[in-house]
Amino acid sequence: MKTNPIMTQPTRTEHDLLGDMELPADSWFGIQTQRAVDNFAITGVPISHFPAFVKALAMVKAAAARANSDLDLLTPNKAQAILAACDDIIGGRLHDAFVVDLIQGGAGTSTNMNANEVIANLALEKLGHPKGSYEHLHPNDDVNQSQSTNDAYPTAVCVGLQFAAEPLIEAIASLKSALEEKGSEFADVLKMGRTQMQDAVPMTLGQEFDAFAVNLGEDIDRIREACLLLCEVNLGGTAIGTGINTHPNYAALAVRYLADISGKPIVPATNLIEATSDMGAFVLFSGILKRLAIKLSKVANDLRLLSSGPRTGFGEIHLPPMQPGSSIMPGKVNPVIPEAVNQTAYQVIGNDLAVTMAAEAGQLQLNAMEPLIVYNLLSSIKMLDSACRMFEHRCIRGIRADRAQCQRHVERSIGIITALVPHIGYANSSRIAAQALHTGSTVRELVIGEGLLDAARLDALLSPQSMLAPRAVA
């Protein structure tokens with residue numbers, strides 16, 4: 001250890017194939033991580049921004065250490081130190097030492113080495129050695145033993161995405177529950193349904209919110225199904241899937257230990273060469289996130305329409321006011337939460353395109369664009385999680401129905417004529433609808449005026465019981 005005359009703090013010197021570099025003596029990461037920090041100032045989003053991924057990296061390293069120890073490739077004291085270091089990181093320690101930008105050249109090598117160096121230095125501390133004294137325990141020879149970035153990194157991604165998806169699933173389920181509660185609350189609010197932005201037939205506001213709930217809830221199962229695909233990993237394939245530099249029993253042991261450590265049903269890929277270059281599971285996962293984003297955006301659009309006005313639009317619901325809406329128009333309140341959900345959806349859709357292009361760009365035995373895939377998948381999950389929680393607590397739970405406005409729309413609507421077609425015929429119904437549109441009279445007034453139905457019969461046919469569900473025509 002020495003003091004750099006330019007730097008005021010003590011430093012240590014580390015060496016790699018490009019030469020020497022001085023690092024702060026207390027730095028948990030090493031020279032290869034520092035080179036990556038210097039090289040890849042792209043997004044400003046480091047690995048530490050996604051704790052689930054950091055945890056998954058440590059789990060992969062722990063599984064490898066246990067397998068290597070079983071095969072007598074690691075001494076007991078080294079294996080114990082590495083495992084203890086991994087346990088600390090899994091528990092949340094030193095996540096801030098994972099500093100490499102998510103987008104990087106090298107197919108994830110910088111991320112892998114960031115993990116190797118932090119784990120090595122933490123293990124050295126546990127062995128009583130100073131940071132950087134790699135002659136006692138080495139990031140490559142020991143922490144990365146029997147591994148390549150090309151199997152350790154994608155395996156960690158598969159595990160990390162599953163951990164990251166768990167809070168997203170919880171957020172969707174909670175949002176679904178909030179929509180269901182509104183469905184119950186609004187079950188007796190009769191309103192007009194609309195197709196192609198035109199009046200259609202009556203429904204209840206509760207039915208509309210129940211449909212929102214079912215629509216979003218479907219994607220919980222789709223995300224879980226996608227997570228099962230991510231359980232097939234290429235750990236043990238090393239550089240291109242051939243398993244070079246590994247013991248014949250290593251892959252099976254490492255995968256088994258990873259399943260045990262992670263609590264996920266991790267299994268080895270049937271063909272490690274194929275699995276090392278294939279991005280198919282990531283593309284599918286991204287597509288499901290895009291599907292969820294599209295559905296959320298559609299619900300947000302509907303709420304903006306239903307609350308539009310409040311006096312010159314639909315005005316059937318009132319969203320909770322979150323903030324003043326204009327610097328010039330007093331009293332204006334905008335639907336800011338649905339708008340933010342819309343924008344989240346657009347970004348996730350863009351992320352999916354980036355994933356698609358990156359997956360297509362792989363060549364031969366590896367896809368060097370995988371870091372872009374990882375960045376976009378983790379970003380989409382995090383954004384959707386936040387958007388769902390915001391949508392629920394700052395919008396859905398505070399929505400109120402304007403019952404009087406809903407009733408006025410039904411009474412003035414021409415669409416209710418559809419309920420009378422089986423009783424007065426399509427031709428009469430079309431004529432009445434045209435007259436109503438032209439004169440401004442209501443359907444009820446015109447039907448009674450022409451003596452097509454008496455008032456009692458008309459009231460029965462236009463009752464919610466008759467219009468809101470299938471009913472045999474007498």
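Predicted model: local features only at pLDDT ≥ 70, side-chain atom pairs only at ≥ 80, totals over all residues.

Trainee: OK, so what should helix α2 span, and how far apart are its end C-alpha atoms?
Mentor: Helix α2 covers residues 51-70, which is 20 residues, so at 1.5 Å a residue the span should be 28 Å. The end C-alpha atoms are 29 Å apart, which agrees.

Trainee: Is α2 mostly covered or mostly open?
Mentor: Mostly covered: of the 20 residues in α2, 15 are buried.

Trainee: Switching topic. Where does Leu458 lie, and is it buried or exposed?
Mentor: Leu458 is in helix α17, residues 455-461. Leu458 counts as buried because its relative accessible area is 0%, and the cut-off for buried is under 20%.

Trainee: Which residues does Leu458 touch?
Mentor: Leaving out residues up to four places away in sequence, Leu458 touches Leu420, Arg444, Val447, Ile448 and Leu453.

Trainee: How far is Leu458 from Glu125?
Mentor: Their C-alpha atoms are separated by 85 Å, and the two residues are 333 residues apart along the chain.

Trainee: Now the surface. Which residues form the nonpolar patch with about 280 Å² of accessible area?
Mentor: That patch is formed by Ile294, Tyr346 and Ile349 together. Ile349 sits in helix α11, residues 336-360.

Trainee: How exposed is Ile349?
Mentor: Partly exposed, with a relative accessible area of 31%.

How values were computed. Residues numbered from 1 in each chain as written. Heavy atoms only, no water. Patch = residues over 30% accessible without salt bridge, like charges linked within 9 Å, V, L, I, M, F, W, Y side chains within 5 Å. Areas by Shrake-Rupley, 256 points an atom, 1.4 Å probe, with all protein chains shown as cover. Salt bridge = Lys/Arg side-chain N within 4 Å of Asp/Glu carboxyl O. Helix = DSSP H or I, 4+ residues; strand = E, 2+ residues; numbered from the N terminus. Buried < 20%, exposed > 50% of the residue type's maximum accessible area, 1.4 Å probe, protein only. Contact = heavy atoms within 4.5 Å. Expected span 1.5 Å × (residues − 1).
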